[in-house]
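Please look over this structure before reading on.

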Amino acid sequence: GHSAQPEQLDVLVVGAGFGGAYQLYKLRKAGFSVKVFEAGSNLGGTWYWNCYPGARVDSDFHIYQFALEELWKDWEWTEHYPGQKELANYFAYVDKKLDLSRDISFDTRVTAAHFDTTTDRWVVSTEAGRIVHPRFLVLCTGIGSKPLSPDIKGLDTFQGATHHTALWPQGGFDLAGKRVGVIGTGASGVQLIQETAPVASHLTVFQRTPNFALPMRQKKIDSATQTRMKAEVYPILLRRREQTFAGFHYEFTPRNLSDLTPEGRYLTFDDLWTRGGFHFWLGSFLDILTDENANAEAYAFWRKKVLERVHDPEMQRKLAPEVAPHPFGVKRPCLEQQYYEVYNQPNVDLIDLQQNPIAEITPKGVKTADSVEHELDVLVLATGFDAVTGGITQIDIRGTDGTLIREKWGKSLSTYLGMTTANFPNMFFLYGPHGPTAFCNGPTCVELQGDWIIDCITHLREKKYTRIEPIKAAEDAWVEQVNAIFSVGLWDRSNSWYIGANVPGKPRQSLNFTGGVPLYFRLCRESAEGGYTGFALSGTEGTDGP
Ligand code: NA7
């Protein structure tokens, strides 16, 4: 840095989850001056904020971690699908092992970033008024860092406790013995509901759309198993992530459902179901996500399995309706452990909001259209996020012509390679818009996109460039390609956060690259290998260049 104020840096990273931690470690190692600003009080990102009862990862333990051998060789997991506390412990371990915290400012929320065209640097401000001038800005704000609260009349009049799952009190908040209401049945709602039902005095679930939840088949992982896996398969499994659609260690079944006999279809479905996890979704037939008939068969199989576990016909109808509200798997399914059994409990009510919407929230609880007032001690908002883009658009990021990114993307989303956007030079984002993001195991994308960004910044340093930004034509072509791939799937047939449909006023469009991890990274690599085709690189060796 320079003696003159304010602070100069090569790179400022925003966010200290998987993405930010990786950037810090690798950029520092490559000799850059780098700092991380993190709004939370600790590392972990999603795994810091989402400390609600039952929070758990939906990816298998061995692929949901950094592929860095210096980390995995000495770390042991206890469960196949680790819970939030275990992830928090993992981050504490990573912090210690890689000595990350010394370059992270916690409790530091970035509120604005303006690009200064005269210096080719960002002017970044925090909530507390700190200002830094990094050459590059890397946004690692993740998929769900802007929680979404429902716009329901009377919400602020409720006299009990109200907690959003993603803003859960860090010290914990006990739901045992209480009358609990939960709005939302996404992944967060399902996890919290199945954990809370056995301990709450009463549980009322307000469901707008049933979740097509899949059996997790949780198991304990012992030390001997992991020692063997580390010696034999860890490196293979971790590399394999790059070669599969969703960055997992397994791929879709390489057949169309329609190519098989009914018996063959049944046997495949049954096998995927028995494996558990996302196999029934991300390991299924190729045409599940593109062909209505194939999709309907997957739904029928799923529905039959769920009906077997739920006794009451009314509950069955609400949880697994004969006519699916949307195709299977085009809205995110989640993993469950004893979710469906919850609805056989006498102290659990399930309100179908399509049939009986919330009229208002009162000081005592939730009043539904049928005039019933559901009295509650605690109201849990499991209502999700302004996902994928919200973490970026909630910051006042201004590009070269003074336009705010939220204005640019408010009309329609445009990026180049899902990591950059025109008129916002020297800015990268990962695990965000137009990347494989929502369909990618987090650490897979964080590392692959992360390495691409680090290689790019390193290239600029070598060539003594001080500025990079995508060319408008390249961005237009990328958007066209993203949308063309998206249109092949059935994605548009649901109201999901994948397409922004969960946020009132958000344009409905593909927020993700739906062509899978291998194609995505081939396209990114092609640009880099061609000397960063699609980008304008400029600036000469400056007096203050990195
Ligand atoms: P999600 O998946 O966005 O789920 C939010 C849930 O809240 C979903 O069931 C919504 O119903 C419901 N919701 C949202 N707004 C309302 C209102 N106004 N009224 C009633 N119900 C509402 O968020 P999660 O936190 O569960 O999961 C997010 C991702 O994080 C997850 O997929 C993983 O990738 C990790 P809807 O379905 O829209 O009808």
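1. In which sense do strand S4 (residues 110–116) and strand S5 (residues 121–126) pair, and over how many bridges? They pair in the antiparallel sense, over 6 bridges. Two strands count as paired if DSSP finds at least two bridges between them. Strands (E, at least two residues) and helices (H or I, at least four) are DSSP runs, numbered from the N terminus.

2. A word on the model. It is predicted: local features need pLDDT of at least 70, side-chain atom pairs count only at pLDDT 80 or more, and totals for chains, interfaces and linings use all residues. Residues are numbered from 1 along each chain as its sequence is written.

3. S4 and S5 have 4 residues between them, and Asp120 in the turn has a positive phi of about 55°. Ala112 has Ser125 in S5 as its bridge partner. S5 then passes on to strand S6 (residues 131–139): the two run antiparallel and are joined by 2 bridges. Val124 stands opposite Val132 in S6. The hairpin of S5 and S6 also has 4 residues between its strands, and there Gly129 takes a positive phi near 90°.

4. What does the record say? An unreviewed UniProt entry places the feature "domain: FAD/NAD(P)-binding" at residues 10–232. UniProt positions are given in the numbering used here, feature names are shortened, and annotations may be inferred rather than shown by experiment. In the model, the span 10–232 is 25% helix and 22% strand. Its end C-alpha atoms lie 39 Å apart.

5. Now the ligand. How many residues surround the ligand? There are 20, and the closest are Pro150, Gly184, Gly186, Arg208 and Gly384. A residue is near a molecule or strand if its C-beta atom, placed from the backbone, lies within 6 Å of it. By class, the shell has 6 nonpolar, 12 polar and 2 charged residues. Here Ala, Val, Leu, Ile, Met, Phe, Trp, Tyr, Cys and Pro count as nonpolar, Asp, Glu, Lys and Arg as charged, and the others, Gly among them, as polar. Helix H5 (residues 187–196) gives the largest share of the shell, 3 residues.

6. Why is H5 described as largely enclosed by the rest of the structure? Because 10 of its 10 residues are buried. Buried means that 20 or more other C-beta atoms lie within 10 Å of the residue's own; 12 or fewer means exposed, anything between is partly exposed, and C-beta atoms are placed from the backbone. The buried residues of H5 pack against S8, S9, strand S11 (335–336) and S16. H5 lies across strand S8 (179–183), S9 and strand S16 (378–381), and runs at about 165° to S8. Axes are lines fitted to C-alpha atoms, for helices over the stretch in contact, and angles run from 0 to 180 degrees between N-to-C directions.

7. Take Thr196, which lies in H5. Thr196 is buried, because 23 other C-beta atoms lie within 10 Å. Leaving aside neighbours within four places in sequence, Thr196 is in contact with Pro53, Leu175, Val180 and Leu203. Contact means C-beta atoms, placed from the backbone, within 7 Å.

8. Next, the open sheet. 5 strands form it in the order S7-S16-S8-S9-S12, with parallel pairing. Strand S7 (161–164) and strand S12 (348–352) stand at the edges with a single partner strand each, so one side of each has no neighbour in the sheet. The twist averages 15° from one strand to the next. Strand S9 (residues 202–207) pairs with S12 over 5 bridges. Leu203 has Val348 in S12 as its bridge partner.

9. Pro333 sits in the loop between helix H11 (313–319) and S11. Is Pro333 buried or exposed? Pro333 counts as buried, because it has 20 C-beta neighbours inside 10 Å. Not counting residues up to four places away in sequence, Pro333 touches Asn211, Phe212, Ala213, Leu214 and Trp281.

10. Last, two further hairpins. Strand S13 (residues 358–361) and strand S14 (residues 365–368) pair in the antiparallel sense over 3 bridges, with 3 residues between them. S14 and strand S15 (residues 373–375) form a hairpin with 4 residues between them. Ser371 in that turn has a positive phi of about 75°. Val366 is the bridge partner of Ile361 and stands opposite His374 in S15.

Methods: Two residues are in contact if their C-beta atoms, placed from the backbone, lie within 7 Å.
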